[in-house]
There are 2 protein chains.
Amino acid sequence: MQTEELTELAQQLRVDAVRATDAAGSGHATSSMSAADLVAVLFANHLRYNFDEPDHSGNDHLVLSKGHASPVLYAAYLAAGAITDEELLTFRARGSRLEGHPTPRLPWVDTATGSLGQGLPVGVGMALAGKRLDRTPYRVWVISGDSEMAEGSVWEAVEHAGTQNLDNLTVIVDVNRLGQRGPTRHGRDLNAYSRRLRAFGWHTIEVDGHDPHAVEMAYDEACSTVQKPTAILAATVKGKGVAAVADKEGFHGKPLKDPDAAIEELGGRRTLRVEVRKPAEAQASQPVRRGEPALPTFDKGDQVATRDAFGKTLAAFGDARGDIVALDGEVGDSTRAEMFSESHPERYFECYIAEQQLVAVAVGMQARGYVPFATTFAAFLTRAHDFIRMAAISRADIILVGSHAGVAIGQDGPSQMGVEDFAMMRAVHGSTVLCPCDANQTAQLVAAMADLKGIRYLRTNRGETEVIYGPDEEFPIGGSKTLRSGDDDRLTLVAAGTTVPEARKAADMLAAEGIAVRVIDLYSVKPVDAETLQKAAEDTGCLVSVEDHHSEGGLGDAVAEAFADGRAVPRLVRLAVNNLPGSASPEEQLRAAGIDAESVAAAARLLVEKGVVR
Amino acid sequence: MQTEELTELAQQLRVDAVRATDAAGSGHATSSMSAADLVAVLFANHLRYNFDEPDHSGNDHLVLSKGHASPVLYAAYLAAGAITDEELLTFRARGSRLEGHPTPRLPWVDTATGSLGQGLPVGVGMALAGKRLDRTPYRVWVISGDSEMAEGSVWEAVEHAGTQNLDNLTVIVDVNRLGQRGPTRHGRDLNAYSRRLRAFGWHTIEVDGHDPHAVEMAYDEACSTVQKPTAILAATVKGKGVAAVADKEGFHGKPLKDPDAAIEELGGRRTLRVEVRKPAEAQASQPVRRGEPALPTFDKGDQVATRDAFGKTLAAFGDARGDIVALDGEVGDSTRAEMFSESHPERYFECYIAEQQLVAVAVGMQARGYVPFATTFAAFLTRAHDFIRMAAISRADIILVGSHAGVAIGQDGPSQMGVEDFAMMRAVHGSTVLCPCDANQTAQLVAAMADLKGIRYLRTNRGETEVIYGPDEEFPIGGSKTLRSGDDDRLTLVAAGTTVPEARKAADMLAAEGIAVRVIDLYSVKPVDAETLQKAAEDTGCLVSVEDHHSEGGLGDAVAEAFADGRAVPRLVRLAVNNLPGSASPEEQLRAAGIDAESVAAAARLLVEKGVVR
């Protein structure tokens, strides 16, 4: 398309954005209007995309990081013939694929946006996949707002892309000067942005974002720049084209008051069609191996940390399957993810101490079909909570592994202790949460996780625990293991991870006193084995959960959920971490929190003495 | 102190760090050794601090962001006479104030560190307080590692400090080249860091971090730099002074293998004392007003959004009390925090779209005695989860307000919906979690929150709800309101926030069918009103929780906790958000999630029909 036609197309996108938001009665018209020329030129002359084959390996990837400007994206889909005008006007209606912020309910959307500052980090993941895994010349285009440049996650991504020389990545910053509440820090000072980006090793281009020819040239320059990612800083006007709102505060996130007048001012409706260039034929990419890994096995009675078992299993998976990638938050020696790097350095990605970028790389790579294991301390996954939340909305299939969970890590103290990871991960939509207590169980659960969908979380421990299961034991997701059971059990101890050995020891101590108790290893924290818990409740009448986690949202809550359907509930007791720990040995920590064997036995004894249990 | 003595002092700090980690059997000796000269010069010649009066308003603030280097800080405390050698050797032992990573159990530590990349953001909060609130010439010194410069939160802080001209802030980056797992991205390339920092408007100084005279000059230059914060990039050697570990990989986080040889190599034990300069006499700072606010009142039957009531109450607090500050994540028009800014612009801090920095400013300002309200969408507080977690470990007293909670926001879709905020906030140590359903209740709860300690969270809603309480009604923390109750109640609906009107409507519908149900407004989600819930259980035998939140970790869990002490448990049913919403109207969203009045009534009816309830 030539300049004149591009201008027309941009006006069409504006008109359609006005129409869509008007039909919806809500939505971000003015934020769409600033980006219209940028999107028009991209769709008309640069994007390579086959809308009939969204999974085509040669397709470019477009991430609208300023997801609230979805109307301009949907208007472009209409111009490209991917959706009908009728569908456009279902914007924000119940059941429509055209949500307020784009999600992968649309096949052309790789990742959900709407929480600002996430598009570029995820784009970095895709660009890394393109460069280092797919080795396919697709480009990644990210359209970002100027406000969201304030998010630290953007600068994690900028640093990563710059140092990784991701020249297949372009970010287009729609510098429209106005955030939601008011002016941004830098207004329309393009150099404020480009100066920062250049310091991080980026190529930058400053451009009038409403001059299609200039934008055209900038995109060309981005495509021909090697060894550096490119940022295009585009000066734009929020609400461009409609004087009543253009460059004015107070019109964020609203449809225009007089849409008919606005459409007239924009030159009326148009029905231009854009032929988006199709990608070159798919490269003859190497078929990805998907064999069966030879899982490591461990001898019963040995002392092995579950993090070690995880590292060995991950490495074994790397041998068998070419689609597995391991991502590290600069603690791979601790999480043991590093074991993967020794034999598969080309699929090991060091993300440094930048947990948001760590999870974003996982989301970006799974969009290209890889199975990413993103690993750091359980405590530090909280840094990426919003990215994990959004990953679920993105229908992303990723695996997160948090090591050094619980007070059991000991001397390092509370800043390093993950004692809220269950609460965070259980509350993620559609998540799976697993917590192994021994090495063979860890290997089996890692194997099971690899083939699940959605957000999967594995919690591992720093310290060693006894191997209690044989290597052939099976651990279905949603299952549990009853480790001790008898007809005269007076209560049931429910434990997971490090608290399993404590519960077993407690049961031994109680048995010696004539108090029989059942012990359940609830390794599948979500989904939970409701049936076994319900049976234990019927049999013993009282369940005592023991967890190295805060009492809210964790194992105790998982146990309670098994009875949340209106059935008769047993007596429930929660033993959990309610203190604020300092430094101390692992044993002292468990004792102080009241979750070591002695404390568990004491609690059980009290329940018996008080006649609470039968 | 002169250069020669400074060198001696630095060696002493190294020796004492070796001794402390040796005594503990764990800890970060080599990370302490790289920073020894930097700390020695600071304590000897620049820091102004009265160790006998940690609350002195003129004291400088020192944040050891690389908290794992705590041994060098504790060694400096020893040199300053603040602790004894005996206490130094309690490092990391149970009960010791000298934890693995510094926490405010030590009176000279303002904020806990150990989760990297948080020291500078919190330091920015303190520096802002110094410049804009206290107007006192204390300086804020942050000692940062080089690895943690990868954290996006650092760049949020860099941007904030640069644009706010915080010349009372100095960050000293200990560029020792080695992270935990291996080399950092930039090695000892000081210019890689300073180039980036300068682009953000900082003054930078590159220096040999083991040359006390050069460090001295750099600190002097930082103190005399106006209008810009200063970053000192110090080239150092990890493990400096002991050849066996110096500049070598594989020694992170470990005591030295041969401490005696190391101490000898370092020149043996020394017992130098440092006289840390005391601050000037406290400024005659204006007494902070602490009057009683005239809370806004609302008329029963009116439709008011709780976010509006929050904004008005916050503004009223601003009028009455000079210690209240309001912090915005660039959505103040939506959260209504903006109402505060109109009458108190000098105490309203725009933090832009940078939620980690938002919470960090709150933590920094509370360290100076202010009462910060940090406000954004409930969904986006997940971005700051790790900062909130660390704030609890810092014993920080802050208030967080999350608006636009739940699927009830409607068309904007899932990226904007806070449906995991209860799970996140309940699992924070010592937190208080409140969720008002009407405007008068909001005003009262905001008033109550202001005087609590710890991390307090208020959830507000976007849409309007009916004012059902009079302005004189009281809402104690840990209480609840029974809105409907009778002798023949067959079950109890437990709701909070937007689900309260739905539960009330459901109760009306059920009553019309001859099914009496109790309705409890559980506005205090944590602590929970166990007594009222237990009574309702005794009376009605079945509790049905109704929440606009995922089913994990929220209201249903709070209800279950009231029965987690081994007492008889009623039947519990959870109605919560289990679907992944798209765009739709608020009413459609509540219906789709099964938490609107009709769905609640249907669930209750089913329980009756099935004979589950009596």
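1. How many bridges join strand β3 of chain A to β5(A)? Six, and the two strands run parallel. This is a predicted model. Strand β3 covers residues 169–175 of chain A. One pairing to look at is I172(A), whose bridge partner in β5(A) is I232(A).

2. Strand β4 of chain A, residues 203–208, also pairs with β5(A). Six bridges join β4(A) to β5(A), and these strands run parallel. Here T204(A) stands opposite A231(A) of β5(A).

3. Helix α9 of chain A spans residues 212–224. Together, β4(A), α9(A) and β5(A) make a β-α-β unit, and the unit is right-handed.

4. Is β5(A) mostly covered or mostly open? Strand β5 of chain A, residues 230–235, is mostly covered: six of its six residues are buried. T230(A), I232(A) and A234(A) point one way from the strand. A231(A), L233(A) and A235(A) point the other way. Both sets are buried. So I232(A), the bridge partner of I172(A), is buried under the cut-off of 20% relative accessible area.

5. In chain B, check helix α6, residues 119–134. This helix is mostly covered, with 14 of its 16 residues buried. R135(B) follows α6(B). The phi of R135(B) is positive, near 50 degrees.

6. How do the copies relate? A rotation of 180 degrees, with 0.0 Å of shift along its axis, superposes chain A on chain B at an RMSD of 0.0 Å. The two copies are therefore related as by a two-fold rotation axis.

7. Last, the interface. Of the interface residues of chain A, 100% are also interface residues in chain B, so the copies meet through the same surface.

Terms used:
Residues are numbered from 1 along each chain as its sequence is written. Chains are lettered from A and ligands numbered from 1 in the order in which they are written. This is a predicted model: local features need pLDDT of at least 70, side-chain atom pairs count only at pLDDT 80 or more; totals for chains, interfaces and linings use all residues. Side-chain values use heavy atoms; hydrogens and water are left out. Buried means under 20% relative accessible area, exposed over 50%, partly exposed in between (1.4 Å probe, protein chains only). Helices (H or I, at least four residues) and strands (E, at least two) are DSSP runs, numbered from the N terminus. Two strands pair if DSSP finds at least two bridges between them. A crossover is right-handed if, with the strands pointing away from the viewer, the path from the first strand over the helix to the second runs clockwise. Copies are superposed by least squares on the C-alpha atoms of residues with pLDDT of at least 70 in both. Contact means heavy atoms within 4.5 Å.
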